[in-house]
Amino acid sequence: MAEIVSFPDAGRSDGLLLRSLHDGVLRLVLNDPPANALSIALLEALTAELDKAGPDADIRVVVIASTGNVFSAGHDLKELTAHRADEDQGAAFFERTFRLCADLMLKIAHLPKPVIAEVDGLATAAGCQLVASCDLAICTDTSTFCTPGVNIGLFCSTPMVAVSRAAHRKQAMEMLLTGETIDASTAKDFGLINRIVPKQYLAQVVSKYAGVIASKSPLTLKIGKEAFYRQLELPVEAAYDYAAKVMVDNMLTQDAQEGIGAFLGKRKPEWKDK
């Protein structure tokens, strides 16, 4: 059975989240080892970066990675426990933490740019939620995943939202009910992961994926990502009606006209983002 990961105090620094931008790909690196816990500070830092990335035309793709041997151990249990001494026994702080985390996951889904999780190491609880919330996830062959809250009397209810939408239903329930750790191969079978690569090639493979995606029309990516998540929640007939309307609107864009013309003319398209 999986155990809740416990780490010594890592301390705080101004570099909780590292940022770099190259060729349209924004890399956000969780930098609070050894746990890379999703503390209030790190959640706020991630949210702020995504808020800025949304309207930034220079950013085409976002990659979320980490330093150390743990992608993210989830919420900072020490930070949460410290607030049990509050007058309300921590209720307000707990609500703030879980709301901020949920808002971050929704922001990833609503961001008009694709988000790729680059996972090397353990992703547990809300860390697994973060992986499941990204549009794509690529991991090393030694990475592991779990939702172990049930082991300490705290069911992973908010991670469940993302995990149950990424993994198959019964596999998601298996993770949630047992709290067991699964390896990279099982995570791929479950639907949490797109690709598994050797550790030494992880950054290279993610960069290749990000580069391919970044070469597409930004407007088309925005249209497609929004449509993908919206149609998932619709009955199949309504989904086709909605998707057909999206296709018509997309066909009327300058980028669709340019892209089709370039394909027929056997040349490289020049996107206008219009």
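Strand S3 (residues 61-66) and strand S5 (residues 115-119) run parallel and are joined by 3 bridges; two strands count as paired if DSSP finds at least two bridges between them. Strands (E, at least two residues) and helices (H or I, at least four) are DSSP runs, numbered from the N terminus. All of this comes from a predicted model, in which local features need pLDDT of at least 70, side-chain atom pairs count only at pLDDT 80 or more, and totals for chains, interfaces and linings use all residues. Residues are numbered from 1 along each chain as its sequence is written, and side-chain values use heavy atoms, with hydrogens and water left out.

S3 and S5 belong to an open sheet of 6 strands with mixed pairing, in the order S1-S2-S3-S5-S7-S10. S1 and strand S10 (195-197) sit at the edges with a single partner strand each, so one side of each has no neighbour in the sheet. From one strand to the next, the twist averages 20 degrees. At the S1 end, strand S1 (residues 17-22) runs antiparallel to strand S2 (residues 25-30), with 6 bridges between them. Arginine 19 faces leucine 28 in S2. The two strands make a hairpin with 2 residues between them, and aspartate 23 in the turn has a positive phi of about 50 degrees.

Then there's another open sheet, this one of 4 strands in the order S4-S6-S8-S9, again with mixed pairing. Its edges are strand S4 (70-72) and strand S9 (182-183), each pairing on one side only. Strand S8 (residues 144-146) pairs with S9 in the antiparallel sense over 2 bridges, and threonine 144 stands opposite aspartate 183 in S9. Helix H4 (residues 126-133) lies across S4, strand S6 (122-124) and S8, at about 100 degrees to S6. Here contact means heavy atoms within 4.5 Å, while axes are lines fitted to C-alpha atoms, for helices over the stretch in contact, with angles running from 0 to 180 degrees between N-to-C directions.

On the surface, Val150, Phe155, Met173 and Leu177 form a nonpolar patch with about 320 Å² of accessible area together (Shrake-Rupley method, 1.4 Å probe, only the protein chains shown counting as cover). Patch residues have over 30% relative accessible area and no salt bridge, with nonpolar side chains (Val, Leu, Ile, Met, Phe, Trp, Tyr) joined within 5 Å and like charges within 9 Å; a salt bridge puts a side-chain nitrogen of Lys or Arg within 4 Å of a carboxyl oxygen of Asp or Glu. Leucine 177 lies in helix H6 (residues 169-178).
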